[in-house]
Amino acid sequence: MLLDVRSLEAGYGPSQVLFGPSFSIREGEVVTLLGRNGMGKTTTVRCLSGLLKPMRGEIWFNGKRIDGAPPHAIAHAGLGLVPEGRRIFANLSVRENLQMAGIRRPDRRDPWSFERVLDFFPRLSERLSNGGNQLSGGEQQMLAIGRALMTNPHLLVLDEATEGLAPIIRQQIWAKLEALKATGLAMIVIDKELDALVRFADRHFVVEKGEIVWRGDSAALEADQNVQDAYLGV
Amino acid sequence: MADRAPIGSGWRERAPAVLIVFLLAATPLVARALGDPFIVKVATRVVVFAIAAVALNFVVGFGGLVSLCHAGLFGVGGYVVGVLAWHDFNAEPLLFLPGTSNLLVSIPAAAVVVGLLAAIVGAISLRTSGPYFLMITLAFNQMFYYGAVALQKYGGEDGLQIMSNVTLGPFDMSDRYRFFYLALAFLAAAMFVLGRVVRSRFGMALRAASRNETRVIAVGVDPWRYRLVAFVISGVVVGIAGALLAAGQQFISPVDMGWDRSGDLVVMTVLGGIGSVWGPALGAAAFVVLELVLSSWTSHWQLAFGLLVILIVVGLRGGLADLGALAFGRRGTETAHG
């Protein structure tokens, strides 16, 4: 098991957000966290990446217990995060945005390097000396994903990776994520675009009020109109 | 504050720093031609404060940490040189070590002492941020200040006069011209080394952390460690500047390390421009010269000075460095290509 989350409880101050969800992810698997806003998806991500210390429960990653570990140590352990919101360093050039993030892993076959990231996102190689703030939304997202890849993660967590992007750009990002999946990289994806997620991901977890209320593969999710209406309806 | 352009690389970025060093190098020639050695004295003061401002900007401009203890660290550097020279002159050992007036010993000693102090100040104050960081560094500055006042043996409030002849190995450094070039060499070295560090991976992470802490942590960087190292580097350089001030004017006093002096250093930095390594050197030059010129005209010089600072900071968002960048064909707020 690559990631094993056991009875996770977490919150902010006196208000508890997560009430004990448990889930796990295998090597090379792509899963999603689904559910409406405010149900605990981002809180779960914050716990995984160490930005929020869980109150109870355990998080095991690659055979090591990581809950409560400092976030930079979790990144070194191989959990790569593409956080939501504005994702690039505007005061650094595109080149620097990528180079600042390198983590080398000697055990890794075919590691991600600066050159390989540019091969993967050719758009970025045209804009290397541009400031991060001069990129389009899609380019910024590619840069954020590229920066996470520079840490050579075993698991990539994408929080709202396509939010606020034009449909055609979203398609490009999904295509890139497909290509990453083909390399065997495990991913946790949070997104609103259910159609794309059903096509792209292997398994899904529906989060409602801090608990996982439904889990299953893409075929089961497509077939289950009830769960779509009850928890994912817009 | 507007997003600053990323640091470019190559000759264009370094050209202004090289030009600053060359122009300063010419001032003794001007002084000789005009027969006015006072110009060299002013130029030495410009260079010393330029080193201090460049050092401070390493944490302010690139680390996002406005420190108010740098005058304190600056003064401690000066006191290390002064105290060692005092023990040399009075032939009295300092604990078990002999004193010295040789800058080959006392400047590295100042760098080490101030570096250690900066490590302690940084380790504590970097646990906080924003206004709390300001307050803690200010408190440390005042501890250094009152520490110097309490040094009765070394002049206390009146300051410490260096009575011995300051040397650099075999060279007598009481020669004003020679000393000026020594200080200028340190300024050139400081701008070169800090420029390299700012462009290194360490510098990238430091700059990135000044913008968004969460996001640098997400790529495995512990910002606290990077900031602490940056704070110590900055402290070492500002300590060297203080050592040069004391050695150059043969005098150091608590006045040089008051909290208002820390504020002056911040003004020099912002006035010159926090977006480049060399900008604060311009700010220090403008500050020292304006202080001198305006105060010779009127005792209310700070009023005029304040207006000028406001005009420059509002008019040129990148500080005086914007003027320099204009001269080199691009505005500092735009982005370099190639």
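1. Four bridges tie strand 1 of chain A to strand 2 (residues 15-19) of chain A, and the two run antiparallel. Strands here are DSSP E runs of at least two residues, helices are H or I runs of at least four, and both are numbered from the N terminus; two strands pair if DSSP finds at least two bridges between them. Across this pairing, Gly11(A) has Gln16(A) in strand 2 of chain A as its bridge partner. The hairpin of strand 1 and strand 2 of chain A has two residues between the strands, and Gly13(A) takes a positive phi near 60° there.

2. A word on what you're looking at: this is a predicted model, where local features need pLDDT of at least 70, side-chain atom pairs count only at pLDDT 80 or more, and totals for chains, interfaces and linings use all residues. Residues are numbered from 1 along each chain as its sequence is written, while chains are lettered from A and ligands numbered from 1 in the order in which they are written.

3. Strand 1 of chain A has other partners too. It runs antiparallel to strand 3 (residues 23-25) of chain A, joined by three bridges, and antiparallel to strand 5 (residues 56-61) of chain A over five bridges. Asp4(A) is worth a click: its bridge partner in strand 3 of chain A is Ser24(A), and it stands opposite Trp60(A) in strand 5 of chain A.

4. Also have a look at Ser7(A), found in strand 1 (residues 3-12) of chain A. Ser7(A) is not a glycine, yet it has a positive phi of about 45°. It counts as partly exposed, with 13 C-beta neighbours inside 10 Å. For the cut-offs, buried takes 20 or more other C-beta atoms within 10 Å of the residue's own, exposed takes 12 or fewer, and partly exposed is in between, with C-beta atoms placed from the backbone.

5. Chain A also has an open, mixed sheet of six strands in the order 7-8-9-4-10-11. Strand 7 (79-82) and strand 11 (211-217) of chain A are the edges, each pairing on one side only. Strand 7 of chain A pairs in the parallel sense with strand 8 (residues 155-159) of chain A over four bridges, and Leu79(A) stands opposite Leu155(A) in strand 8 of chain A. Helix 6 (residues 137-150) of chain A packs on the sheet and touches both strand 7 and strand 8 of chain A.

6. Over to chain B, which has 13 helices and four strands. Buried residues make up 50% of its 338 residues. Helix 2 (residues 38-60) of chain B has 23 residues and reaches 32 Å from its first C-alpha to its last, close to the 33 Å expected at 1.5 Å a residue (1.5 Å times one less than the number of residues). Of those 23 residues, 18 are buried, so helix 2 of chain B is largely enclosed by the rest of the structure.

7. Leu95(B) sits in the loop between helix 3 (70-89) and helix 4 (103-125) of chain B. Leu95(B) has a positive phi of about 55° although it is not a glycine, and with 5 C-beta neighbours inside 10 Å it counts as exposed.

8. Finally, the contact between the chains: 23 residues from chain B and 25 residues from chain A take part, a contact being two residues whose C-beta atoms, placed from the backbone, lie within 7 Å. Helix 7 of chain B gives the most to the side of chain B that touches chain A, with six residues.

Key. Axes are lines fitted to C-alpha atoms, for helices over the stretch in contact, and angles run from 0 to 180 degrees between N-to-C directions.
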